[in-house]
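Here are my notes on this structure, point by point. Please read them with the model open beside you.

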Amino acid sequence: MSAPDRLWINVTLFDGLNTAAEPMVVAVKNGLIERVCPMSELSASEREAGEVFDAECRLLTPGLVDCHTHLVFGGSRAGEFEARLEGQSYEAIARAGGGILSTVRATRVASEDELFASALPRLEALMSEGVTTVEIKSGYGLTVEDELKMLRVARRLGCERPVRVVTTLLGAHALPPEYKDDADGYIELVCHRMIPAAAAEGLADAVDVFCEGIGFSVAQCQRVYAAAKAHGLAIKGHTEQLSNLGGSAAAAHAGALSVDHIEYLDEAGVKALAEAGTVATLLPGAFYMLRETKVPPIALLRRHKVPMALATDANPGTSPIFSLRLMLNMACTLFRLTPLEALSGVTAHGARALGLHEHTGRIAPGLQADFCLWNTRNPAELAYSVGLPTLAQRVLAGNIH
């Protein structure tokens, strides 16, 4: 083995799935993790190779992954919070022209520069907490031009800040007013114009859909999935958030990386996820803000060994929260996840939900040196982030898919 560029010694290691029982060493060379071993196996000659950083038994984790956000949007939906406190449901607000369509109106009139300027502080808030990978969805434009505008802003955020940004086209987020009585016609637009345009410009890594009574039917979502796969794009799904339509199973059968929300997911759907290797992404922020009482089927997911990711769902209406660390606490409190499950949800399983598990989300040989060191006295305080400029350069070079 060649000499590493840098050695991290005396590390308390959480590798994305498990915590090591003794102080560890992480050796890095050319931006990749070359070796992970106990301190007892480190030779004197290895100590002298490259730059040595003594972690003094501080906690080292993979860089955090926020695998479901809507960071790019215009306007505000603060008025909806009052309406929900007065008893109006998310569905009622949406059918009255609020909800997603309210943000659509504001996003359409905003320029790319305006959307970038408003999204940047949201992204930086996540980065300040150790997030090194973030997925950003479109879905507030609902025209070809406006969806591409949002995706361009998301790509720009990844270029101008040292963070890995994964972009997802969520054209099938809601039915725009122009297609009020023609959902199939809008799905035709998404499949035959929007997806091809995003793919041709290299603006999207994946395609998402909102499979719900106030969104799109299972059959319509399946058409979107087929179009995405035909253009070489991964697929994801907003499913079983408000009702059980079977959208999660349909997404899993189509090869989805993840299905997200899933409060109303049943055992048949859980089994479909397990068989397909699809990740279940939990979004406690939206659960809390919508005052939901139906908890995702955590026990079933555990029983069938379905990986559980965890994300902010950061958006203007139903989860205006830009703190992944808060989601860790909320998931343990609201969903009764163990701390280890929660931390795996924002590292190893979060990366798997984006199809990036061969690059990041774990501290293991061959993966990128993408990790965070946390202070000993205050474990919630980020002391140091590693590898971020290198990661940004690789995203620009097109090596992250």
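1. Start with the aromatic cluster. Trp-8, Phe-53 and Phe-371 form one such cluster. Rings of Phe, Tyr and Trp (its six-membered ring) pair if their centres lie within 6.5 Å; planes under 30 degrees apart count as stacked, over 60 as edge-to-face and the rest as tilted.

2. A word on the basis. This is a predicted model, where local features need pLDDT of at least 70 and side-chain atom pairs count only at pLDDT 80 or more, while totals for chains, interfaces and linings use all residues. Residues are numbered from 1 along each chain as its sequence is written, and side-chain values use heavy atoms, with hydrogens and water left out.

3. Next, confidence. pLDDT is the predictor's confidence in each residue, from 0 to 100. The protein chain has a mean pLDDT of 90, and 89% of its residues reach 70 or more. Residues 389-401 stay under 50. For that stretch the model has 23 contacts beyond four places in sequence; contact means heavy atoms within 4.5 Å.

4. How many aromatic pairs does the structure hold? There are six. Take Phe-73 and Tyr-140: their ring centres are 6.5 Å apart and their planes stand at 80 degrees, so this pair is edge-to-face. Phe-73 sits in the loop between β6 (64-66) and α2 (78-85), and Tyr-140 in the loop between β7 (131-137) and α6 (144-160), so the pair ties together parts 67 residues apart in sequence. Helices (H or I, at least four residues) and strands (E, at least two) are DSSP runs, numbered from the N terminus. Phe-73 and Tyr-140 are both buried, meaning under 20% relative accessible area, with exposed over 50% and partly exposed in between (1.4 Å probe, protein chains only).

5. Now Thr-107, in helix α4 (residues 100-109). Is Thr-107 buried or exposed? Thr-107 is buried, with a relative accessible area of 0%. Leaving aside neighbours within four places in sequence, its contacts include Phe-73 and Tyr-140. Leu-115 and Lys-149 are also among them.

6. Finally, two helices. The axes of α7 (residues 183-200) and α8 (residues 218-230) come within 9 Å and cross at roughly 10 degrees. Axes are lines fitted to C-alpha atoms, for helices over the stretch in contact, and angles run from 0 to 180 degrees between N-to-C directions. α7 and α8 are therefore roughly parallel to each other (under 35 degrees; over 145 is roughly antiparallel, 65 to 115 roughly perpendicular, the rest oblique).
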